[in-house]
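The reader may wish to keep the sequence and the structure in view throughout.

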Amino acid sequence: MPPSKIDSLIIVYEAQKDLKGLGIIYELRGLYFQNIFFYGTKSVNNYFTSYQYYLKIEDEESKNRVKKRIADLLSMDDVLYEDAAIYYHEVLGYYVKQDNKVKIASCKLELLNILINKDSLKNTQKLNKHFKYGIEKGLIETIQLCKNLQDNSYLAYGYYLYSSFYLQKRRLNEAQKYLKLSAGVSKPKTLLELRNFFQQGLIDKYNQNYVEAITHFKKSELLAEIRNNKYLRQHICQNLAECYIQLNNQEQALFYWEKTAKSINRFYNSEETKSTRSEPVYNQIELMKMTQELADQKQLLWKVVACFIIGILVLGGIITYQRIKFKQRQKDLVNQRKISMLELKSMKSLIEGQEKERNRVAKDLHDGLGANLSSIKLFIESQRDKHAPEIQAQLLNPLAKNIDDACLETRSISHDLRPFSLKYGFNSALGDLVKKTQTALPQTEVIFDSYGDEPQISEEIALMVYRIVQELLNNAAKYAQATQITLQIFYEPEQLSVHVEDDGQGFDLKLIKEGNGLGNIRSRIDYLGGQIIWQTAPQQGTAVILSVPLQNPSKNLG
């Protein structure tokens, strides 16, 4: 249904005060925007509005149907998937009461998808109350339910999830077995076929069959483009880049790293995604929870009135308590936001203080120690002609060389503390940093490339990103034992992206404690409102992708 028709029906139903019609039309509006934007605030907000109308007319079936639609959207978000799991649990409880086995199977499959693919089989205790005997047994029971229903689409999804379960545990033969079962009963050109191609690519990749993996990833990439699935598209491009790296095809690897960065920006940094995670939507989520609680209390009130008048007083007290609790939650939300603002202000003050202290020390080194060393050098030079050649060779010449070394070291420390090269442009400063790194590491090849026209970058952002790159290059030099380090900068009108990659020994992210180096990187990224992704494993090198908006949100803190 076109949007103009939908909007005209909204006007008609509002005039007629047809709450049922408004619930249906806003639900259709949410579906319309979901098909266009895939996932964003427009579809979520329309579903919330539809939910409110169904709640007012106490249409439980429609209310739970829309709640599941909201859960389906939030389940794709790596930030909000726990809220999706809560909604699935609530909807599942309703369908269990209704003994609706088709809907039970659907909700259980989506919960299993979150537990396996989002939570990665970790920290699942708070999410798996409907699978108290374990995820694997939950998979077996749900697949048997799908077989009883004789629904191939659900059965194919169940086999896919069983394959994912084994893939997480790196039991590739079992993963392959259940993926073939899924492919055997799934329909073409569907989301499940997209997932199956992607899953097959992962299995091939882990088996080091990179050519076959690329074939399957490209099939899934085509389907992701057709279905406008931004979430899976970025994972597909990332895996394609990693496969091409293994095949030493640097050109294709770079191409897909660029596509990965763009996909990440479109999904995680788009206004649609950001606004979906913003405070107004969180407040709507809280409001929906509280409205549901009040509606439940209203139902209980009518039941008690039918039996005992005194129940009215009891329920009145409960409702009052819930309202107080609701107001308290609202206050808590405001307080949490204030705390976040204070933390950001504190971080801003800390970083500014660090940079001021760096500038002070750099100036003292340059103007104080540097000047004194230069004076000593001039004095030594003035004494050369006044002494015998043997004194020059044994005393003055070595002393002059030591003074030269000290001057160079002082200048190097001063420049590290205060990168004067930033005055000549961000790109020039990074080029100068790369040259210094190459000089310090003659045995390591350091490659630097930039793409796009350098936009206007504020001094604050340029300095912060420079420090991050400096830390990343330092880590690659000190710990990775790399033979090649690649730095790439991608300039866009509203943001810049940085890729730093080395072929060193890598590390296990789960075992690394965030020390001063990684902590400084994380705090600066948070301060700039950016994103950072680490890709590393033992003996497989390290790749770091970060993106930073060119408008620093912290500048409004004062």
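Helices, of at least four residues, and strands, of at least two, are taken here as DSSP runs and are numbered from the N terminus. On that basis the protein chain has 20 helices and 5 strands. The model is a predicted one, and confidence therefore deserves attention, pLDDT being the predictor's confidence in each residue on a scale from 0 to 100. The mean pLDDT of the protein chain is 77, and 67% of its residues reach 70 or more. Confidence is highest in helix α9 (residues 172-185), at a mean of 93, and lowest in helix α14 (residues 271-276), at 49. Over residues 273-287 the pLDDT stays under 50, and for this stretch the model has 38 contacts beyond four places in sequence.

Some totals describe the chain in general terms. Of its 558 residues, 45% are buried. The accessible surface of the protein chain comes to about 29,500 Å², and carbon and sulfur atoms account for 53% of that area. When contacts between residues at least 6 apart in sequence are considered, 65% of them join residues at least 24 apart.

Why is α10 described as largely enclosed by the rest of the structure? The reason is that 13 of its 16 residues are buried. Just after this helix, Gln 208 takes a positive phi of about 65 degrees.

Beyond its neighbours within four places in sequence, Leu 167 is in contact with Leu 172, Ala 175, Gln 199, Leu 202, Ile 203 and Tyr 206. Leu 167 and Ile 203 lie 36 residues apart in sequence, but their C-alpha atoms are 7.4 Å apart in space.

Two loop residues also have positive phi values. Arg 170, in the loop between α8 and α9, has a phi of about 60 degrees although it is not a glycine. Its relative accessibility is 47%, so Arg 170 counts as partly exposed. Glu 58 is found in the loop between α3 (41-56) and α4 (60-74), and its phi is near 55 degrees, again a positive value in a residue other than glycine. With a relative accessibility of 45%, Glu 58 likewise counts as partly exposed.

The strands remain to be described. Strands of a sheet pair through backbone hydrogen bonds, either parallel or antiparallel. In this model, 5 strands form an open sheet in the order β1-β2-β3-β5-β4, with mixed pairing. Its edge strands are β1 (445-451) and β4 (531-536), each of which pairs on one side only. On average, neighbouring strands of this sheet are turned by 10 degrees against each other, direction ignored. Strand β4 is joined by 6 bridges to β5 (residues 542-549), and the two run antiparallel. Thr 536 stands opposite Thr 542 in β5. Helix α19 (residues 459-480) lies across β2 (484-491), β3 (495-502), β4 and β5, and runs at about 10 degrees to β3.

How values were computed. Residues are numbered from 1 along each chain as its sequence is written. This is a predicted model: local features need pLDDT of at least 70, side-chain atom pairs count only at pLDDT 80 or more; totals for chains, interfaces and linings use all residues. Side-chain values use heavy atoms; hydrogens and water are left out. Buried means under 20% relative accessible area, exposed over 50%, partly exposed in between (1.4 Å probe, protein chains only). Two strands pair if DSSP finds at least two bridges between them. Axes are lines fitted to C-alpha atoms, for helices over the stretch in contact, and angles run from 0 to 180 degrees between N-to-C directions. Contact means heavy atoms within 4.5 Å. Accessible areas come from the Shrake-Rupley method with a 1.4 Å probe; for residues, only the protein chains shown count as cover.
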